[in-house]
Amino acid sequence: MNYSVKKIGQILNATTQIDSKIVTGVSFDSRKVKSGDLFVALVAENDGHDYVQQALTKGATAVLVDDRHQIDSKIPAIIVSDTLLALQQLGEYRRHQINPKVVAITGSNGKTTTKDMASAIMGSQYKTFKTPENFNNEIGVPLTLLTMPDDTEVLVVELGMDRPGQLTTLSELVSPDIAIITMIGEAHIEFFKTRENIAKAKLEITKGLKSQGTLLVPYDEPLLTNAQVKQNVQTFGQDIKDINSSSSKTIFTYQNTRFAIPLLGRYNIMNALAAISAGILLHIELKNAAEALQHFDLTKNRTEQLTTSHGVNLISDVYNSNPTAVAAVLATLKIIPATHKYVVLGDMLELGEQAASLHACLAETVINANVDGVYLVGPLMNKYLYPILQRRFDSAHLHQYETDQLAELIKDLQTSGENGDVILLKASHGIHLENVVNALVK
């Protein structure tokens, strides 16, 4: 990015002052501003306009502010009516200026892992850029577009969703050539009430999908395969052969090509096949895709495999959680060869009035996983799942903690398991089991 204040003003049809300055980056957090950045004063819980001077002190070249706030005439600035809308408009402009092929990914689970896989595959033949971290909302997506290098040929962008209409905005912003829906789970069912409504909201990703674009959906999800959309629809996930899992990787054959991914679980095969299918659409050779997936950069806290100081293997999947995701990762745990296995389950959030039944229904899945110990964290797990599991586990093998008792959980887990044993941790991000993981691997 290399725009003058004047140029940004022209893009946004906005008033400018001191418009000769050159902007080379964008930030909305005054603490993270770098020299040359445009500081975007967003109005949310905190008003970014209160931090304009701090941003300038940190090295911001100019500021993007709204016309309801007074701004010193000596400050290089772009003045608009709505700074968030202006940020999105600026991102959309850059998307079309660079004009890469865009692969957009959404889904109740797996979208970040699929993003990482797709980026690795595309990167085997193209100059590829992907959504940093989890920048997948109305702020993060335009920031992704604005931080994309000038020579980007393929952009792999993650689109999040927690309410109707959100994906329409984001899809129209990135105008994808390929759209992927990884799966339909129960995430955000508190707001959507049914999986059907979640599917309908996920299908908003087609609102910005180019008319000649392709929507990729899992072959075994009728809520998606039967959807009526204008663009081409293809399925992924079928015709897999020779699946074989070890403690550190999953191997499978697809279209006569052997793939080995450094992740566990059939659900990660589905994520890989979504990414591979997108690669095929962009003419990536399968041998290159297979090589790319052997070692790829995985965003933190997405089914990470770690080891404690005393040799216990950790499977950390603590960024989000819902019943479908828990069932999938417990099915994976069941087939991992280990002398002893333990599971730590934190509350699944945003399930609304269905929270009680959806937590209780995990009991059979937990029991069938054949684990040696269960650690439950949070009021929902303790109220609805714990009483059912008491019928199967004695007090020495079933433990419960409140969300403010993570220190006690860490202490207990540090004495659980021996070299080669496995501990799986799964929870919604709001439970903060990442703190437990970090303590165990120190």
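Contact here means heavy atoms within 4.5 Å, and helices (H or I, at least four residues) and strands (E, at least two) are DSSP runs numbered from the N terminus. You are looking at a predicted model, where local features need pLDDT of at least 70, side-chain atom pairs count only at pLDDT 80 or more, and totals for chains, interfaces and linings use all residues. Residues are numbered from 1 along each chain as its sequence is written, and side-chain values use heavy atoms, with hydrogens and water left out.

**The whole protein**

Start with a cartoon view: 17 helices and 22 strands make up the protein. Its radius of gyration (taken over C-alpha atoms) is 23 Å, close to the 22 Å that the globule rule (2.2 Å times the number of residues to the power 0.38) gives for 442 residues, so the protein is as compact as a globular protein of that length. The C-alpha trace spans about 70 × 50 × 40 Å along the principal axes. Of the 442 residues, 55% count as buried (under 20% relative accessible area; exposed is over 50%, partly exposed in between, with a 1.4 Å probe and protein chains only). Among contacts with a separation of 6 or more, 66% come from residues 24 or more positions apart.

**Helix α16**

Now select residues 406-414, helix α16, and show side chains. Its buried residues are Leu406, Leu409, Ile410 and Leu413. These cover an arc of only 100° around the axis, which puts them on the same side of α16; the arc is that of the directions from the helix axis to the C-beta atoms. Turn to the face away from the buried side to find the exposed residues Ala407 and Lys411. What covers the buried residues of α16? The cover includes β19 (341-346), β20, β21, β22 (422-426) and α17 (434-440).

**Aromatic pairs**

The whole structure holds three aromatic pairs; rings of Phe, Tyr and Trp (its six-membered ring) pair if their centres lie within 6.5 Å, with planes under 30 degrees apart counted as stacked, over 60 as edge-to-face and the rest as tilted.

Select tyrosine 3 and tyrosine 93: the ring centres are 6.1 Å apart and the planes lie at 75°, so this pair is edge-to-face. Tyrosine 3 belongs to strand β1 (residues 3-4) and tyrosine 93 to helix α3 (residues 83-98), so the pair ties together parts that are 90 residues apart in sequence. Tyrosine 3 is buried, at 5% relative accessibility, while tyrosine 93 is partly exposed, at 30%.

Next, pick tyrosine 375 and tyrosine 401, a stacked pair with 6.4 Å centre to centre and 20° between the planes. Tyrosine 375 is in strand β20 (residues 373-377) and tyrosine 401 in strand β21 (residues 398-401), 26 residues apart. Both of these tyrosines are buried.

**Histidine 49**

For the last stop, centre on histidine 49, in the loop between β5 (37-40) and α2 (52-58). Is this histidine buried or exposed? Histidine 49 counts as buried, at 12% relative accessibility. Its side chain makes a polar contact with the side chain of aspartate 47 (2.7 Å); such a contact is a pair of N or O atoms within 3.5 Å, where within protein one must be able to donate a hydrogen and the other to accept it, and residues adjacent in sequence count only if both atoms are side-chain atoms. The histidine 49 side chain also reaches the backbone nitrogen of aspartate 66 at 3.0 Å. Leaving aside neighbours within four places in sequence, histidine 49 is in contact with Ala41, Val43, Val65, Asp66 and His69.
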